[in-house]
Amino acid sequence: MKSVHVFFISICFLIHLPALGNEIPQYAEKMHMGVATCASGVCHGSIRARSATNVLQNEFVTWSRLDPHSNAYNLLFNEDSRRIARNLGLPNAHEAGVCLDCHADNVPIKRRGPKFQLSDGVGCESCHGGSESYLSSHTDPNQGHAQNIEDGLYPTDDVVARANLCFSCHMGDQNKIASHEIMGAGHPRLSIELDTFTALEPPHYLVDSDYRERKWKEDSVVVWAVGQLQAARKTVLLIEEHLSNRDDRFPELSLFDCHACHHPMSDIKWQQKRTVGLPPGSVRLNDAGLSMILPMVEVLMPEESRTFVTLSRNLHLASSKTIGLARSLEELSIFLDGLEEKLNLISERSKDVMLEILKMGQEGKFRDYVAAEQAVMALDLLLQANGTRGRSENWLDVLYATVENQDRYNPLAFQKAMQGSAGL
Ligand code: HEC
Ligand code: HEC
Ligand code: HEC
Ligand code: HEC
């Protein structure tokens with residue numbers, strides 16, 4: 001028992017589970033009262049945005065009409081879900097815990113209040129936390145944001161906490177994962193970039209002067225960079241949880257790059273430059289979550305860039321064995337802690353990071369689709385942050401076209417498109 005405990009503590013240390021106070025809503029203690037308790041017309045269910053209070057008050061309408069999360073449960077009845085369930089041998093998808101864990105607010109029955117409905121899908125409390133203890137008090141104008149958080153409101157404005165929340169479903173966590181079995185049954189591949197997805201949701205909040213005062217001056221470069229750091233940590237966690245702790249004959253294949261295996265034999269990949277240093281025929285990890293770390297390191301701690309290249313190569317090499325994997329993960333985690341300390345400079349250096357990504361692209365370093373996809377999303381938001389997106393729109397269109405279809409991704413075409421940039 002004792003050793004299990006020590007093991008758990010060392011894992012927490014290693015992978016930076018959020019502090020207990022910030023446990024993601026699905027696992028925290030509080031009761032979830034249901035979307036209906038938030039949605040009254042005088043609360044968050046106003047038809048139009050209002051200005052009487054600090055918040056818009058039409059969050060429910062935005063969520064129910066525009067946000068895909070309100071449909072996350074309903075889609076478990078559609079043809080695709082029925083086929084996935086059938087292929088997995090499940091009676092149906094809408095009652096299967098494995099689907100509900102990401103497609104609804106699947107808290108245990110004893111934490112569901114009288115108005116709670118699973119059919120709300122990914123509702124307010126899936127992200128904002130069970131409202132048991134803040135529901136009646138959070139409207140008090142004298143009660144500050146810090147007190148609400150103490151009462152169980154999840155700090156979605158804290159970027160680290162937000163990343164952990166979104167990634168728990170969009171990448172997986174210690175308890176749930178879109179496994180290769182689910183993928184093989186027909187589930188789409190998951191990918192996320194925090195800032196792009198925050199914008200796509202779409203946001204139901206306005207970053208105005210009172211927001212900045214109450215919370216923070218939301219900065220998309222910081223959201224992107226912290227998102228990348230947390231995605232790297234999540235990659236470490238998922239490998240730790242679902243790869244190195246298992247002794248199945250086949251490892252969890254969803255942790256590897258789908259396109260490492262799923263590509264036609266005629267599509268010979270050794271023609272292109274290798275970046276991870278694996279021998280031919282190896283299965284590469286899905287390192288989407290690590291792919292944007294190098295350009296940040298090159299700018300923020302250039303003297304460490306060789307170390308990072310070595311660490312990530314070691315991880316790739318160790319991923320096919322059990323020996324050495326734990327150490328490799330630990331070294332990478334420590335490295336990421338070092339990067340975190342430099343992230344306060346990210347906004348002022350964002351142009352250099354953008355140019356670094358461009359340079360890597362022009363040198364053909366984005367051999368894998370998942371990394372190219374991250375590079376395009378990054379360039380889009382970094383151009384925006386540097387005020388030069390407008391004049392690069394045509395070029396961005398060309399870039400997006402190269403990653404539009406994952407099955408037809410061609411690294412040489414991507415490299416060429418990167419070389420076609422003009423005057424960033
Ligand atoms: C680890 C979390 C996770 C699990 C487990 C999971 N899903 Fe999903 N699923 C997602 C996310 C996130 C998306 C959205 C992906 C995107 O668009 O980026 C999604 C998308 C889908 C889609 C496509 C939706 C669309 O709009 O086209 C279907 C269908 C689906 N899931 C069904 C299922 C079924 C059935 C199960 C159970 C067997 C399941 N999912 C399990 C997270 C999960
Ligand atoms: C997928 C996650 C998610 C869901 C679902 C969600 N929110 Fe949010 N919400 C966020 C994020 C992220 C923010 C922005 C960060 C912040 O200010 O906390 C936010 C901000 C808010 C704000 C703060 C606005 C401000 O000015 O401070 C309110 C109010 C809010 N949401 C209400 C709701 C309500 C009501 C629902 C359900 C109808 C809901 N949210 C559903 C993620 C979510
Ligand atoms: C409880 C699980 C869960 C959490 C937490 C969650 N999502 Fe999702 N998200 C989903 C599922 C499931 C879908 C697919 C819904 C659909 O297709 O209708 C989805 C879809 C999306 C989409 C649409 C993707 C597309 O391809 O169009 C965006 C954008 C998104 N989520 C952003 C976020 C952000 C940002 C956060 C964190 C603030 C977040 N999500 C948190 C489960 C979750
Ligand atoms: C180590 C190699 C490997 C990796 C990595 C891998 N797969 Fe697979 N995949 C297989 C094999 C082997 C099969 C079963 C053979 C078959 O049906 O073609 C399979 C089957 C599938 C199928 C069903 C195909 C069919 O025709 O029925 C899908 C869909 C799928 N994988 C998606 C994915 C996705 C998405 C990823 C990445 C998250 C991924 N795979 C990663 C080897 C891999």
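**Notebook: the two ligand sites**

I began with the iron atom of ligand 2, whose 6 donor atoms subtend angles of 88 to 179° and therefore form an octahedral arrangement; donors are N, O and S atoms within 2.8 Å of the metal (3.2 Å for Na, K and Ca), with water not among the atoms, and six count as octahedral if opposite donors are over 155 degrees apart and all others between 65 and 115. I noted that this is a predicted model, in which local features need pLDDT of at least 70 and side-chain atom pairs count only at pLDDT 80 or more, while totals for chains, interfaces and linings use all residues. Residues are numbered from 1 along each chain as its sequence is written, ligands are numbered from 1 in the order in which they are written, and side-chain values use heavy atoms.

I then looked up the protein donors and found His 128 (NE2) and His 204 (NE2), at 1.9 to 2.0 Å. His 128 sits in helix α5 (residues 124-128) and His 204 in the loop between α9 (194-200) and α10 (209-214), 76 residues apart; helices are DSSP runs (H or I, at least four residues).

Around ligand 2 I found 20 residues, each with a heavy atom within 4 Å. An oxygen atom of ligand 2 lies 2.6 Å from a side-chain N or O atom of Thr 156, and an oxygen atom of ligand 2 is 2.7 Å from one in the side chain of Tyr 211.

Turning to ligand 1, I found 19 residues around it, with Val 98 and Cys 99 among the closest. A nitrogen atom of ligand 1 is 2.8 Å from a side-chain N or O atom of His 103, and a polar side-chain atom of His 187 lies 2.7 Å from a nitrogen atom of ligand 1.

Methods:
Tetrahedral: all angles 85-135°; square planar, octahedral: opposite > 155°, others 65-115°. Helix = DSSP H or I, 4+ residues; strand = E, 2+ residues; numbered from the N terminus. Polar contact = N/O pair within 3.5 Å; in protein donor to acceptor, adjacent residues only side chain to side chain.
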